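Here is a short report for a reader new to this structure. Look at the sequence and the model first, then read on.

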Amino acid sequence: MGHEKSAGQSKYEKYIDGVKKSSGIYAITIDDLVVYVGKAKNMRRRVRGHIRHALNGHSRDKYRLLLAAIEKHHVVRCIILEECAIKDLDEKERYFINGNC
């Protein structure tokens, strides 16, 4: 499954470039279509975990979807929707899941 990477760059970096280590709400997109919205105390670590699980063949549906998209050369990105305080994560996540992406 040759997932190419640049010298000195992890195989996950091209998917998570620009995602900060801060708390907030993030989205995973395939060809600019939001397919997943999540919350995290450390968004960078969380989205890296999603990509790692997908590339390692984890059996959950969301990871199989990501792996299929990557293998078929779709554009997969992890993006920040909003940085927010940890206390606001649940409320902000609900806002974005309800179609406000």
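## Helix α2

At the start of α2, a side-chain oxygen of N42 comes to within 3.2 Å of the backbone nitrogen of R44. That is a polar contact: a pair of N or O atoms within 3.5 Å, where, within protein, one must be able to donate a hydrogen and the other to accept it, and residues adjacent in sequence count only if both atoms are side-chain atoms. The model is predicted: local features need pLDDT of at least 70, side-chain atom pairs count only at pLDDT 80 or more, and totals for chains, interfaces and linings use all residues. Residues are numbered from 1 along each chain as its sequence is written, and side-chain values use heavy atoms, with hydrogens and water left out.

Helices (H or I, at least four residues) and strands (E, at least two) are DSSP runs, numbered from the N terminus. α2 has 13 residues, so at 1.5 Å a residue it should span 18 Å; the expected span is 1.5 Å times one less than the number of residues. Its end C-alpha atoms are 18 Å apart, which agrees. After α2 comes G57, with a positive phi near 75 degrees.

Which residues of α2 are buried? They are M43, R44, V47, G49, H50, I51, A54 and L55. Buried means under 20% relative accessible area, exposed over 50%, and partly exposed in between (1.4 Å probe, protein chains only). The buried residues of α2 pack against α1, β1, β2, α3 and β3.

## Two nonpolar cores

A nonpolar core is a set of buried Ala, Val, Leu, Ile, Met, Phe, Trp, Tyr and Cys residues joined through side-chain atoms within 4.5 Å. The largest has 20 residues, and I51, V76 and C78 have the most contacts inside it. At least two residues of this core come from each of α1 (13–16), β1 (24–30), α2 (43–55), α3 (61–71) and β3 (76–83). Another core, of five residues, lies apart from it; V37, C84, L89 and F96 are among them. In soluble globular proteins, nonpolar side chains tend to be buried together.

I51 touches Y12, Y15, I16, V76 and C78, not counting residues up to four places away in sequence. Contact means heavy atoms within 4.5 Å. C78 is buried, at 3% relative accessibility. C84 is buried too, at 11%. The structure holds zero disulfides (pairs of cysteine sulfur atoms within 2.5 Å).

β1 and strand β2 (residues 33–40) run antiparallel, joined by seven bridges. Strands pair if DSSP finds at least two bridges between them. Y26 stands opposite G38 in β2.

The two strands form a hairpin with two residues between them. D31 in the turn has a positive phi of about 50 degrees. D32 lies in the loop between β1 and β2. Its phi is also positive, near 70 degrees, in a residue other than glycine. D32 is exposed, with a relative accessible area of 64%.

A69 lies in helix α3. Is A69 buried or exposed? A69 is buried, with a relative accessible area of 6%. Leaving aside neighbours within four places in sequence, A69 is in contact with I30, H74 and V76.

H73 is in the loop between α3 and β3. H73 is not a glycine, yet has a positive phi of about 65 degrees. At 70% relative accessibility, H73 is exposed.
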